[in-house]
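Trainee: I'm new to this one. Can you walk me through a few spots?
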Amino acid sequence: MNIHEFQAKQLFGQFGIPVPKGKEIKTPLGAEKWAAALNSPVYVVKAQIHAGGRGKAGGVKLTKNRDEVPALAKELLGKTLVTHQTGPKGRKVRRLLIEEGATIAKELYLSLLVDRDSGWPVFIASTEGGMEIEEVAAHTPEKIVKEPIDPAVGFQGYNGRNLAFGLGLPAMEPTLLNPFVTMLGNLYRLFMENDASLVEINPLVITQDKRLIALDGKVSFDDNGLFKHPDVLAFRDLHEEEPLEIEASGNNLNYVKLDGNIGCMVNGAGLAMATMDVIKLAGSEPANFLDVGGGATKETVAAGFRILLKDRNVKGIFINIFGGIVRCERIAHGVIEAAKEVGIKLPVVVRLQGTNAEEGRKLLLESGLKVEVATDLWEAAQKIVAMTGKKRKKTAETA
Ligand code: GDP
Ligand code: MN
């Protein structure tokens, strides 16, 4: 789960990480009142969306004139911001963060995440803050410093000093060595105590009066740990999530929306991945990833159908079930009842394999539904692609 910058900064504040004085604002009137209360030489008005790259896209406005703040708020609120992270559709701005401006002497990059290779948390820092870290990594990898933290030991002062000296921070500003090490320790505590998967501060700035301030903040959490953190869960903003994915998670379905037009319903994540691959191989594109889980029932199948049918791109449905624990004739019953209940008019191909597959196929064939039945995965994929039309360019072979 991701949260907004203003929420990340609230957490930073709780863990003693310095942030600019700021407040979440939802209306131009609120902006006017807060600007008066803030009374700063510079005001920063920042669009709050779950995506970076706002600066370049016009989502971060600076002004020295307090009277301009409500107009800037009005300009940003309700606007759809397109950044390199939002995709072409962009994100609608519903909230702002309005804070006092900082005078920047140097922009640094700092993050903490789980390194997949070692399984340890690792700090990543760079003197090239403000830029996209991917660019720095690609062009000047020597400017990136890493410090893994042994979770059994926890963060130690020497870890912080390794990073500080790796960045050349003491040479830049000797008085900041200790505050920097303290900040890293606090960041590590925030990360571990909240089951975060990523904390990123880009930029972490050195101000002209020689203070360290987190000017931006991004925090992502491990969804499997959220049940332990109701205060973090309270940060969830459903506007920032795909509506169909929200509905799916309410039904205990693992669903990820994609851009193709073949709706997939599969039991097991591995088989669901293979199903998407085989659809592509057959010349089309999957509309989604959907794992109905090992214990699929009539109810889960019906919920899956409803979610697939709400995606207007879906032109056909491909059900791929391997009966291991789950029995294929049960799934067939589920498909028949759910299809009648939901009223499916699109082409459907059902591939059943495993326990009681024969019986399942027989039930489907005798149900009177317009369902194609298959045993072989490749055959099934070709059928559904033939019924919905290839999305990719025709090759000489298929033309
Ligand atoms: P992002 O583009 O979505 O990552 O948004 P950021 O919060 O990182 O802001 C983008 C850029 O705006 C930063 O890299 C800074 O250069 C600039 N910026 C943000 N806040 C301030 C501020 O208080 N003072 C100044 N001078 N620049 C700021
Ligand atoms: Mn940033």
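Trainee: Which residues is Ile3 in contact with, leaving aside its neighbours within four places in sequence?
Mentor: Keep in mind that this is a predicted model. Ile3 is in contact with Ala8, Leu11, His50, Val219, Phe221 and Phe235.
Trainee: Where is Ile3 found?
Mentor: Ile3 sits in the segment before helix H1, which spans 5-14.
Trainee: Buried or exposed?
Mentor: Ile3 counts as buried, because its relative accessibility is 6%.
Trainee: How many residues apart in sequence are Ile3 and Phe221?
Mentor: They are 218 residues apart in sequence. In space, their C-alpha atoms are 8.6 Å apart.
Trainee: Are Asn202 and Asp216 buried or exposed?
Mentor: Both are buried.
Trainee: What about Pro203, where is it found?
Mentor: Pro203 is in strand E10. Pro203 counts as buried because its relative accessibility is 11%, under the 20% cut-off.
Trainee: Which residues is Pro203 in contact with, leaving aside its neighbours within four places in sequence?
Mentor: Glu107, Leu108, Gly130, Ile213, Ala214, Leu215 and Asp216.
Trainee: Where is Asn194 found?
Mentor: Asn194 is in the loop between helix H7 (177-193) and E10. At 7% relative accessibility, Asn194 counts as buried. Beyond its neighbours within four places in sequence, Asn194 is in contact with Leu11, Phe15, Phe221, His229 and Val232. Leu11 and Phe221 are in contact with Ile3, too.
Trainee: Switching to helices. At what angle do the axes of H11 and H12 cross?
Mentor: Roughly 45°. The axes of H11 (residues 298-310) and H12 (residues 328-342) come within 8 Å. That angle makes H11 oblique to H12.
Trainee: Is the crossing left-handed or right-handed?
Mentor: The crossing of H11 and H12 is right-handed.
Trainee: Which residues meet there?
Mentor: On the H11 side, they include Val301, Phe305 and Leu309. On the H12 side, Val335, Ala338 and Val342 are among them. By class, the contact has 8 nonpolar, 1 polar and 4 charged residues.

Note on methods
Residues numbered from 1 in each chain as written. Chains lettered and ligands numbered in written order. Predicted model: local features only at pLDDT ≥ 70, side-chain atom pairs only at ≥ 80, totals over all residues. Heavy atoms only, no water. Buried < 20%, exposed > 50% of the residue type's maximum accessible area, 1.4 Å probe, protein only. Axes fitted to C-alpha atoms, helices over the stretch in contact; angles between N-to-C directions. Helix = DSSP H or I, 4+ residues; strand = E, 2+ residues; numbered from the N terminus. Parallel < 35°, antiparallel > 145°, perpendicular 65-115°, else oblique. Left-handed = near helix turned anticlockwise from the far one by under 90°. Contact = heavy atoms within 4.5 Å. Nonpolar A, V, L, I, M, F, W, Y, C, P; charged D, E, K, R; others polar.
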